[in-house]
Amino acid sequence: MGSITLEENPIEARLFINGEFRPSSNGKTFKLINPFTREPVADVHEATEQDVNDAVAAAKAAFPAWRDLSPQDRGVYLEKLASLIRESNGDLARLEAMSMGKPVSGYFDAGVAADNLSWFAQAGWSVQGTSSLNTPGYLNMTVKQPYGVAACIIPWNVPVLFFASKIGPALAAGNTVVLKSSEKAPLTSAYVANLAAKAGFPPGVLNVISGFGAPAGTTLSSHMDVRCLSFTGSSFTGQKIQAAAAASNMKHVHMELGGKSPAVIFEDADLETAAAQTQFSIKFQSGQTCMANSRIYVQESVAEKFLALFKEKFGAAVLGDPLDSTTSHGPQVDRVQYEKVKSYLAIGDKEGAKTLGGDAENGNFVNPTVYENVPEDSRIMKEEVFGPVVVINTFKTEAEAVEKANNTEFGLYASVYTKDLDRAMRLSKSLEAGTVGVNCASPTTAKDMPFGGFKMSGTGREGWFNSLENYLETKTILIKIGSE
């Protein structure tokens with residue numbers, strides 16, 4: 001019970017605690033449903049409060065020995081895991097197709113995840129402090145030290161990538177980890193936990209649990225032995241985690257949350273490129289990405305031409321079995337998400353003009369959908385839909401475009417398309433977002449640049465040169481120099 005087989009490799013759906021797979025303490029499981037076939041895929045073990053406590057206790061016990069290893073010695077394990085993930089690309093792609101409907105044709109997660117782990121396998125050497133002789137009679141210094149037990153809570157849309165981007169810096173910095181996967185896509189996290197066991201990670205250094213926000217997530221958020229927590233997911237859940245962290249032990253929290261990202265298309269833009277990139281942004285993963293440009297503002301003078309180009313490309317999706325290599329557009333992750341997207345379609349139908357797409361009326365599929373002339377205060381303009389649904393409105397002036405783009409509580413990503421360098425720089429400064437793409441759109445990012453959000457889109461930044469700091473504390477050491 002609790003496992004399936006992929007190409008003769010047994011795939012666990014149990015909890016990985018203290019170096020061993022085990023069932024939940026009360027034996028409770030939940031069924032993971034394939035969003036395409038709507039048939040059960042696996043019985044996944046649901047972590048209880050006791051299971052979370054056991055995982056944290058294992059991480060706490062393993063911490064001193066792991067902390068005292070050199071960066072090189074810790075990096076050996078991370079590099080081994082990276083290599084195993086690269087070798088497992090096919091299995092991981094199929095697992096995600098069955099778990100959350102991601103087409104195998106567009107699977108990229110494993111390669112990026114492995115690259116992240118390889119980077120952090122070497123990055124531990126960059127953990128450095130400072131020194132000072134500015135206080136007479138003293139040699140003073142700072143050192144960077146790991147927190148101890150770090151909790152990582154990841155989302156379901158790109159789970160292997162988030163698994164690696166969180167445990168990589170956390171472990172490289174010398175922390176031990178308890179990672180909670182999403183109940184919507186837990187199988188690849190369990191698979192990678194098995195790879196970590198093959199890589200030889202010492203027991204307790206990396207623990208992986210599956211389950212729901214309550215009790216697993218809430219227990220981690222309020223646990224007194226968890227000193228640091230990294231979360232990627234919805235802003236609503238992020239607020240709960242922040243409150244629980246504050247009410248418990250003021251654990252350090254950094255979060256990458258939701259978005260309602262705008263793209264602004266000026267009349268001098270390369271419209272062909274702008275249409276191709278912005279339609280991909282909202283169609284990518286069936287619209288189930290936090291930085292998808294779900295609001296597009298196009299200058300009135302070129303609106304008709306842009307819309308024609310956009311719809312031609314956006315509507316060309318091939319809906320079907322995510323395991324089929326010809327499929328480019330999968331279903332929504334589950335029935336709950338499908339019904340949520342449908343509720344926003346009802347708002348759009350009522351308050352705007354639907355000019356493409358709508359409910360596919362085929363299982364959990366939603367066609368790439370365009371709404372026009374939607375009021376700026378509509379819920380479909382204000383709230384994260386997390387589906388292949390875009391609103392395209394027009395503007396006349398640059399000032400109007402900026403005002404509309406910033407009229408949101410989110411601020412994760414924004415794009416501007418123009419050939420005017422001065423205008424591009426003005427908007428890069430005035431758009432309220434953690435990342436601004438000039439003549440490019442999400443999911444374009446840079447590995448060596450910080451990523452995170454303004455406003456309700458998060459706290460802190462992640463990236464190759466930023467993530468280590470999220471898992472380190474700074475200590476000042478004052479050394480009195482004796483006189484001769």
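Glu361 counts as exposed at 70% relative accessibility, where exposed means over 50% relative accessible area, buried under 20% and partly exposed in between (1.4 Å probe, protein chains only). The residue lies in the loop between strand E16 (353-359) and strand E17 (366-372). Helices (H or I, at least four residues) and strands (E, at least two) are DSSP runs, numbered from the N terminus. Phi of Glu361 is near 55°, a positive value in a residue other than glycine.

The model is predicted: local features need pLDDT of at least 70, side-chain atom pairs count only at pLDDT 80 or more, and totals for chains, interfaces and linings use all residues. Residues are numbered from 1 along each chain as its sequence is written, and side-chain values use heavy atoms, with hydrogens and water left out.

**Backbone features**

Most residues other than glycine have a negative phi, and most peptide bonds are trans. Asn373 is not a glycine, yet has a positive phi of about 55°. Asn373 sits in the loop between E17 and helix H12 (379-382), and is exposed, with a relative accessible area of 59%.

**Asn293**

Asn293 belongs to the loop between helix H9 (271-283) and strand E15 (295-299). With 2% relative accessibility, Asn293 counts as buried. The side chain of Asn293 reaches the backbone oxygen of Thr278 at 3.0 Å. A polar contact is a pair of N or O atoms within 3.5 Å; within protein, one must be able to donate a hydrogen and the other to accept it, and residues adjacent in sequence count only if both atoms are side-chain atoms. Contact in general means heavy atoms within 4.5 Å. Leaving aside neighbours within four places in sequence, the residues in contact with Asn293 include Ser261, Pro262, Ala263, Ser281, Ile282, Val390, Ala441 and Ser442.

**Helix H2 and its contacts**

Axes are lines fitted to C-alpha atoms, for helices over the stretch in contact, and angles run from 0 to 180 degrees between N-to-C directions. The axes of helix H2 (residues 71-87) and helix H5 (residues 159-172) cross at roughly 160° and come within 9 Å. That makes H2 roughly antiparallel to H5, a term for angles over 145 degrees, while those under 35 count as roughly parallel, 65 to 115 as roughly perpendicular and the rest as oblique. The crossing of H2 past H5 is right-handed. A crossing is right-handed if the near helix is turned clockwise from the far one by less than a right angle, and left-handed if anticlockwise. On the H2 side, Arg74, Leu78 and Leu81 meet Ile167, Gly168, Leu171 and Ala172 in H5. Five residues of this contact are nonpolar, one is polar and one is charged. Ala, Val, Leu, Ile, Met, Phe, Trp, Tyr, Cys and Pro count as nonpolar, Asp, Glu, Lys and Arg as charged, and the others, Gly among them, as polar.

H2 also packs with helix H4 (residues 109-123), at an angle of about 165° and with the axes 8 Å apart. H2 and H4 are therefore roughly antiparallel to each other, and their crossing is left-handed. From H2, the contact residues include Pro71, Gly75, Glu79 and Ile85, and from H4 they include Ala110, Asp115, Leu117 and Phe120. By class, the contact of H2 with H4 has 10 nonpolar, two polar and three charged residues.
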